[in-house]
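Open the model in your viewer and keep the selection panel at hand. The stops below follow one another, each with something to select.

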Amino acid sequence: MALDLDAIYTDLHRHPELSFQETRTAGIIAQRLTELGIEFEEGIGRTGLAAVIRNDDNADDGERGPVVWLRADMDGLPVEERTGLAYASTARGVDPQGLDVPVMHACGHDMHVTALLGALERLVATTDEWRGTVVAVFQPAEEYGAGSQAMIADGVFDRFPRPDIVLGQHVTVLPTGTIGVRPGTQMAASDGLRVTLLGRGGHGSRPQATIDPVVMAAATVMRLQTIVSRETDPRHVAVVTVGSIHAGLKNNIIPAEAVLELSLRYTDDEARARVLEKVERIVRAEAAASGAEEEPVIRVDHSLPPTINDDEATARLSAAFTRAFGDDKVVDPGMFTGSEDVSWFAREAGVPLVFWFWGGVDPQVYADAAASGSIERDIPTNHSPFFAPLLQPTLDNGVANLVTAAREFLARR
Ligand code: ZN
Ligand code: ZN
């Protein structure tokens, strides 16, 4: 009894769920895994699941084959779907602020989940051809950048065999049939910082009796601009954005503190360490320049590492994709400035990661848009209310990608 992947996909698409609320999605995954006879655990990192296919003959004699982790993320986004598809979402949800919001699978994570189920079905049906262990990770809350760490904190590494390699994929704006993968930095890193500058409040008419955090914040914001313009090699990518600044309630009161929220982006761990060190140095120095009596508080609210593909494993996988799908199907898509939390799994385990993109756009539509130079304008990207991957062959390709990738790193019989 084969899984009806198209039906699973359209059902998931109709019923997207917000981050850490993917209970219906998890229920469907659990039901399908049960049908496939695959061992799994639910509720890892709140709404996550992991499943395992153990396919070693003599697991006790030390002759264990490779352990390959395949990861799919599960969450939707607070976006009102406008694709006009027959299976478009009309779902609503409640966000962490308690607001009632529309929900859409605007990033294609429904495609990721369905493709992984399809790949497991195929891997479990062909256990006479490969040897080793496949762990499938259905991760919640990628859009918060929090789901993989939640699963790690909840002991996914203790409850399942640790990986030798972590593999994952994302559907995107490329022609169907095309796979985009590159060694090195595939996606940027980002950190969200909350900086609290501590002054001393008082009457607006008596500044000499206060330490004014508004002036401290203003100077800090200006000085932070020099990290990119004066301290970063112009050949390197870095972004320092102060996205919010809050202080005070009234014109004649000097407040006691000011809060800045920063978004930082970079392409590798060295750049990250450099920028974070500079932010800290400037924040502390400006506080000292203001005569602050208390050190500012710098908190990293969320942290997404760069998604860095292992050179050797990526070369091996690109060759496998090329053999399976053809020379012209595997491209270098360049670095994406978005961020992902998949690499926490590989970092935590100290093993290679390969994360690739696969195409979900009708090749003719893509070619026409490319010819008129209007890809950016005419083809809706991930997170757009119009984002609508072509169901097939995108879904079957997603399954084939995962099976090809897993088999490349598993042992052959
Ligand atoms: Zn997304
Ligand atoms: Zn995504």
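Which backbone oxygen does the side chain of asparagine 55 reach? Select asparagine 55 and look for tryptophan 130: the side chain of asparagine 55 comes to 2.6 Å from the backbone oxygen of that residue. Bear in mind throughout that this is a predicted model.

**Around asparagine 55**

Asparagine 55 belongs to strand β2, residues 48-55. Its relative accessibility is 11%, and it therefore counts as buried, the limit being under 20%. To show the surroundings, select Thr127, Trp130, Arg131, Gly132 and Arg413, which are the residues in contact with asparagine 55 once neighbours within four places in sequence are left aside.

**The zinc ions**

Next, select the zinc ion (ligand 2). Cys107 through SG, His109 through NE2 and His170 through NE2 coordinate this ion, at 2.1 to 2.3 Å. Along the sequence, these donor residues follow the spacing C-x1-H-x60-H. Display the zinc ion (ligand 1) as well: cysteine 107 bridges the zinc ion (ligand 2) and the zinc ion (ligand 1), and the two ions lie 3.1 Å apart. Cysteine 107 sits in the loop between β5 (100-102) and α3 (109-125), while histidine 170 is in strand β7 (residues 165-175), so the pair ties together parts 63 residues apart in sequence. With a relative accessibility of 7%, cysteine 107 counts as buried; histidine 170, at 6%, counts as buried too.

**The two domains**

Zoom out and colour the protein chain by its domain assignment: domain 1 is 5-188 + 306-412, and domain 2 is 189-303. Their centres, taken over C-alpha atoms, are separated by 37 Å. Twelve residues from domain 1 and eight residues from domain 2 take part in the contact.

About 680 Å² is buried between domain 1 and domain 2, with 48% of it on carbon and sulfur atoms. On the domain 1 side, select Ala188, Pro306 and Ser339: these lose the most area to domain 2, together 44% of what that side buries.

What holds polar groups together here? Five residue pairs are in polar contact between domain 1 and domain 2, and one salt bridge is found across the interface. For the elements involved, highlight β9 (184-187) and α10 (343-349), each of which supplies at least two residues of the side of domain 1 that touches domain 2.

As a last stop, select arginine 347 and aspartate 269, whose side chains meet in a salt bridge at 3.2 Å, N to O.

How values were computed
Residues numbered from 1 in each chain as written. Chains lettered and ligands numbered in written order. Predicted model: local features only at pLDDT ≥ 70, side-chain atom pairs only at ≥ 80, totals over all residues. Heavy atoms only, no water. Donors = N, O, S within 2.8 Å, 3.2 Å for Na, K, Ca; no water. Helix = DSSP H or I, 4+ residues; strand = E, 2+ residues; numbered from the N terminus. Buried < 20%, exposed > 50% of the residue type's maximum accessible area, 1.4 Å probe, protein only. Domains from an automatic or database assignment. Contact = heavy atoms within 4.5 Å. Buried area = accessible area lost by both parts, 1.4 Å probe. Salt bridge = Lys/Arg side-chain N within 4 Å of Asp/Glu carboxyl O. Polar contact = N/O pair within 3.5 Å; in protein donor to acceptor, adjacent residues only side chain to side chain.
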